[in-house]
Amino acid sequence: MVKIGRNELCPCGSGKKYKKCCMKAQQESQENLNELYYKRYNIRLKEEKDIEGIRRAGDLVVRTLDMVSELVQPGVSTEHINQRVHEFTVNNGAVPAPLNYSGFPKSVCISVNEVICHGIPGEYELREGDIVNIDVTSWLKGYCADASRTFKVGEVSEEAAELVDVAYHSLRHGLEQVASGNTIGDIGWAIQSHAEGRGCSVVREMVGHGVGFEFHEPPQVPHFGQKGNGIVLVPGMVFTVEPMINLGGRELQVLEDKWTAVTKDGSLSAQFEKTIAVTAQGCEVLTPWE
């Protein structure tokens with residue numbers, strides 16, 4: 001969001017200084033919006049200082065994903081990746097958010113092949129042809145940011161490569177809908193339309209979420225829905241968009257560890273995720289991996 005100095009000309013075109021014209025009204029309008037969204041939706045809108053804090057946490061998350069991208073090779077265990085994520089996070093003055101979150105035992109979620117999300121790192125060694133989602137969330141100086149990428153291990157099948165491409169572009173289509181005045185339903189509609197239009201399915205039970213002050217906070221951001229439905233997006237909202245796309249059916253089951261969600265039909269699943277801030281001009285990606 002562009003900041004206007006108190007003594008600059010007001011952008012309304014009155015010819016008066018901003019402090020003598022629209023500044024007070026805009027401040028009151030934002031205060032009213034903050035109160036409305038908290039009372040109605042339990043959403044805490046972020047100020048610029050908060051977004052800057054999340055941006056810094058997001059920079060670390062992106063650097064962590066860049067670091068682990070070099071580890072994604074046949075023969076590397078998911079526990080080794082977990083250890084490297086933990087060390088890298090702590091060495092950069094941050095805390096891995098997943099560790100001990102509601103009892104989760106590791107510092108990162110690693111989901112291989114048919115695992116949709118919340119995979120627990122362990123002895124499994126990556127194999128040629130696997131696809132693996134690595135989901136990194138870090139606390140840095142009181143702020144939290146969240147992102148994930150799906151990686152291909154060596155040469156993968158055509159259908160695996162196609163699924164990864166669908167998941168990647170599903171996220172991109174969703175992000176195109178993030179703008180002040182649009183709705184959460186617009187995001188889900190764009191994702192669902194793209195994924196199902198390419199013959200894949202969208203997981204319903206797992207959704208995007210607010211982030212920044214907490215690991216998970218309102219609003220929930222479904223990756224399916226109808227255009228125009230849901231909460232209207234306003235500047236200061238910060239949330240994740242993280243569509244989980246299946247090659248087969250959308251149904252899932254959770255394993256006995258009570259964390260690992262897998263496709264019910266055993267088909268492959270892929271996911272990409274970014275943390276987004278809504279701005280007056282559209283949106284800003286706070287975890288800008290590519």
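Pro74 lies in the loop between α2 and α3, where helices (H or I, at least four residues) and strands (E, at least two) are DSSP runs, numbered from the N terminus. The structure is a predicted model, in which local features need pLDDT of at least 70 and side-chain atom pairs count only at pLDDT 80 or more, while totals for chains, interfaces and linings use all residues. Residues are numbered from 1 along each chain as its sequence is written, and side-chain values use heavy atoms, with hydrogens and water left out.

With a relative accessible area of 45%, Pro74 is partly exposed; buried means under 20% relative accessible area, exposed over 50%, and partly exposed in between (1.4 Å probe, protein chains only). When residues up to four places away in sequence are not counted, Pro74 touches Leu126, Glu128 and Val153, contact being defined as heavy atoms within 4.5 Å. Pro74 and Gly129 are 55 residues apart along the chain, and their C-alpha atoms are separated by 8.8 Å.

The crossing of α2 and α3 is right-handed; a crossing is left-handed if the near helix is turned anticlockwise from the far one by less than a right angle, and right-handed if clockwise. On the α2 side the contact is made by Leu60, Arg63, Thr64, Met67 and Val68, and on the α3 side by Ile81, Arg84, Val85, Phe88 and Thr89. By class, six nonpolar, two polar and two charged residues make up the contact of α2 with α3. In this classification Ala, Val, Leu, Ile, Met, Phe, Trp, Tyr, Cys and Pro count as nonpolar, Asp, Glu, Lys and Arg as charged, and the others, Gly among them, as polar.

Rings of Phe, Tyr and Trp (its six-membered ring) pair if their centres lie within 6.5 Å; planes under 30 degrees apart count as stacked, over 60 as edge-to-face and the rest as tilted. By this rule the count comes to seven aromatic pairs. One of them, formed by Phe104 and Trp259, is edge-to-face, at 5.1 Å centre to centre with 85° between the planes. This pair links distant parts of the chain, 155 residues apart: Phe104 is in the loop between β1 (95–96) and β2 (109–112), and Trp259 is in the loop between β11 (252–254) and β12 (261–263). Both Phe104 and Trp259 are buried. The ring centres of Tyr143 and Phe213 are 6.3 Å apart and their planes are at 40°, so this pair is tilted. Here too distant parts of the chain are linked, with Tyr143 in strand β5 (residues 143–152) and Phe213 in the loop between β7 (208–210) and β8 (217–221), 70 residues apart. Tyr143 counts as buried because its relative accessibility is 16%. Tyr168, Phe272 and Trp289 form one aromatic cluster.

Charged side chains also lie over aromatic rings: Lys46 over the face of Phe213, at 4.6 Å from the ring centre, and Arg204 over the face of Phe224, at 4.7 Å from the ring centre. A charge sits over a ring if NZ of Lys or CZ of Arg is within 6 Å of the ring centre and within 35 degrees of the ring normal.

Most residues other than glycine have a negative phi, and most peptide bonds are trans. Asn100, in the loop between β1 and β2, has a positive phi of about 70° and counts as exposed at 59% relative accessibility. Asn113, in the loop between β2 and β3 (115–117), has a positive phi near 60° and counts as buried at 15% relative accessibility. The peptide bond from Pro218 to Pro219 is cis, with omega near 5°, and Pro219 is placed in strand β8.

Thr137, in strand β4 (residues 131–140), is buried, with a relative accessible area of 3%. Not counting residues up to four places away in sequence, Thr137 touches Val61, Val95, Pro96, Ala97, Pro98, Cys144, Ala145, Asp146 and Phe215.
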